Amino acid sequence: MTGDEALAYVLKEIGTKKVFTTVSLPENLRERLKEYEIEQDISLNSRDALLLAETYAMENNTAGVVIQIPGTEILNGIDVIAQAYADSVPLLIIGSLRSYRDVGRARIGELRTPDDLSSTLAPITKLRERAISIEEITVTVEKANKEALSNRPRPAFVEIAEDLFKMKAYPLSPAEQKPEKRTPDKNTVAKVAEVLSNSKLPVIVSGYGVITSGAYNELMELAELLDAPVITTIKGKGSFPASHQLFAGEGLGIIGTDIGNKLLAEADSILFLGTRLTQLSTGGWSMKFKGFTMHNSIDGEDIGKVIMPHLPIVADTGLFLKELLVLLKQKIKDKIDRGIRYEILRSKKEPELRAHSGLWPWDVVKTLMDFKFSKIFVDLSAVTFDMIRYPVEKPVWFTSESIISKGIGIAGVIQSKDKNALGVTDLPSITRNLGLLQSKKDEAKGALIIFNDKASTYLDTTASDAPTIKRSWSSVNIDLKFLGAIDVNSTAELKEALNNNEGDNKLRIINVNIDPQYDSSVLIRM
């Protein structure tokens with residue numbers, strides 16, 4: 001078996017259905033992947049491939065696999081890898097070493113030493129391994145895939161010497177390594193159950209860990225058993241249905257809802273599930289509370305950084321909730337009614353914004369509420385931030401809270417190839433990912449909505465920890481008709497563009513002209 005066949009073989013064995021790669025993928029490896037029935041998504045450059053893989057990983061809750069040869073091209077997408085690392089998104093990145101026998105001969109695409117690429121990626125990958133024999137390829141790739149998916153999901157990097165793709169040997173059989181999930185400490189679970197069962201007003205804050213662990217059913221069961229309101233983080237949207245009577249909104253502090261902040265402040269116990277309590281989701285850590293805090297995190301990495309919980313819970317969120325429910329059902333026999341559902345219902349109201357004539361972000365969000373989308377990919381920025389109030393019923397919302405890289409809204413709707421998918425982005429993201437959009441738009445489906453305020457505002461976190469909208473003191477006017485974009489200047493025109501069924505089998509790009517003087521329904525404008 002040659003090295004290229006060994007790679008295709010192990011990818012098939014670990015369940016890979018699709019790989020993201022570039023035009024520089026060698027023909028022999030391309031043929032091997034086709035032979036093993038692995039779909040190839042080919043991009044012009046490694047950054048595009050990595051961005052597509054990141055959104056694929058979020059959408060499918062599995063590792064996005066990227067093959068890049070030569071490996072040094074991976075450096076073009078280092079911002080995407082860093083974002084995936086910060087946001088706990090699993091990527092299996094397979095690159096190549098130009099040669100393992102005679103290095104340092106200044107080959108094309110070769111760094112000064114063989115270790116330079118791996119060293120550069122060290123801070124933003126969980127694992128870095130190198131295969132310099134065909135025998136090692138299968139077990140090394142399998143190990144990297146396991147690490148990418150185990151506990152806190154993050155990128156893993158495998159480097160394979162290009163010499164191996166031409167050589168023959170007998171690779172080691174895969175060891176069937178399965179991703180690991182940390183089990184909860186039984187004493188800790190018992191303490192949490194005791195606190196929650198005796199609490200007068202428990203509140204649950206649900207983060208992205210609920211989604212990655214597939215625990216949204218357990219979360220709903222827990223909330224209904226306790227009659228406890230649920231607040232989601234921005235990335236955790238969809239972990240609890242927005243239409244549920246116990247849903248108290250998304251975000252904490254100054255970006256939270258009035259009812260969510262009120263309940264959090266009054267709660268005598270608060271259970272934080274699978275959340276890092278990021279600056280974005282907490283409005284610059286502006287939330288106010290005084291209750292007994294319990295913080296669940298998969299590896300304890302974030303526990304104690306924002307709040308010092310009374311009870312830390314280091315475990316997979318799904319496994320923790322399963323054990324917690326068993327104990328609580330033994331303690332709670334009667335249906336609980338705290339009157340929270342009515343209080344949440346009574347609190348619902350439209351945002352109060354000043355009178356205006358042009359389109360504001362909230363006008364767009366409100367119009368989108370009349371439509372149903374199967375998946376929603378969002379590039380968060382000052383002008384798109386109101387999208388966090390768009391109601392989501394299940395885990396179909398994908399975005400970044402670290403916002404290290406731009407393009408999730410674009411790459412997500414492109415790779416999903418779903419006519420009911422929605423991508424939301426802004427003008428700076430369009431210009432950053434123009435090559436990706438132009439090269440892929442003809443094969444994409446769904447709708448891509450550009451909140452276009454001519455780049456007149458930006459999301460500021462330098463003046464204070466609290467995110468605010470600031471004027472950029474510049475205005476960029478780009479005619480997007482070369483992309484086939486439909487210009488929209490009113491909610492009626494937006495509805496017409498979204499209702500146009502002629503574009504069902506292709507991507508509809510809708511350029512929504514936003515009044516640069518807009519106010520946000522969530523953020524303060526400075």
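Phe 272 stands opposite His 295 in strand S11. The model is predicted. The two residues belong to a stretch where strand S10 (residues 269–273) and strand S11 (residues 292–297) run parallel, paired over 5 bridges. Strands of a sheet pair through backbone hydrogen bonds, and the sense can be parallel or antiparallel.

**The six-stranded sheet**

- S10 and S11 are part of an open sheet of 6 strands, in the order S9-S8-S7-S10-S11-S12.
- The pairing in this sheet is parallel.
- Its edges are strand S9 (247–250) and strand S12 (311–314), and each of these pairs on one side only.
- From one strand to the next, the twist averages 15°.
- Helix H7 (residues 186–197) packs on the sheet. H7 touches strand S7 (202–206), S10, S11 and S12.
- The direction of H7 makes about 130° with that of S12.

- Is Gly 249 buried or exposed? Gly 249 counts as buried because its relative accessibility is 4%, and the cut-off for buried is under 20%.
- Leaving out residues up to four places away in sequence, Gly 249 touches Val 230, Ile 231, Thr 232 and Thr 257.
- Ala 492 lies 243 residues from Gly 249 along the chain, and their C-alpha atoms are separated by 28 Å.

**The largest pocket**

- Which element gives the most to the lining of the largest pocket? Strand S9 does, with 4 residues.
- Helix H10 (258–266) and helix H12 (340–347) also take part: S9, H10 and H12 each supply at least two lining residues.
- The space in the largest pocket is about 850 Å³.
- The lining is made up of 26 residues. Closest to the centre of the pocket are Thr 257, Lys 348, Lys 349, Pro 351 and Arg 389.
- Thr 257 links two topics here: Thr 257 is in contact with Gly 249, and Thr 257 is among the residues closest to the pocket centre.

**Another parallel pair: S5 and S6**

- Strand S5 (residues 127–131) and strand S6 (residues 156–161) pair in the parallel sense, over 5 bridges.
- Within this pair, Leu 127 stands opposite Ala 156 in S6.
- Between the two strands, the chain passes from S5 through helix H6 (residues 134–149) to S6. This β-α-β crossover is right-handed.

Definitions and conventions. Residues are numbered from 1 along each chain as its sequence is written. This is a predicted model: local features need pLDDT of at least 70, side-chain atom pairs count only at pLDDT 80 or more; totals for chains, interfaces and linings use all residues. Side-chain values use heavy atoms; hydrogens and water are left out. Two strands pair if DSSP finds at least two bridges between them. Axes are lines fitted to C-alpha atoms, for helices over the stretch in contact, and angles run from 0 to 180 degrees between N-to-C directions. Contact means heavy atoms within 4.5 Å. Buried means under 20% relative accessible area, exposed over 50%, partly exposed in between (1.4 Å probe, protein chains only). A crossover is right-handed if, with the strands pointing away from the viewer, the path from the first strand over the helix to the second runs clockwise. On a 1 Å grid over the protein atoms alone, a cavity is a set of points where a 1.4 Å probe fits but cannot get out, and a pocket is an open set with protein on both sides within 12 Å along at least five of seven lines; lining residues have an atom within 4 Å of a point. Grid points are joined across faces, edges and corners, and a volume is the space filled by probe spheres set on the points.
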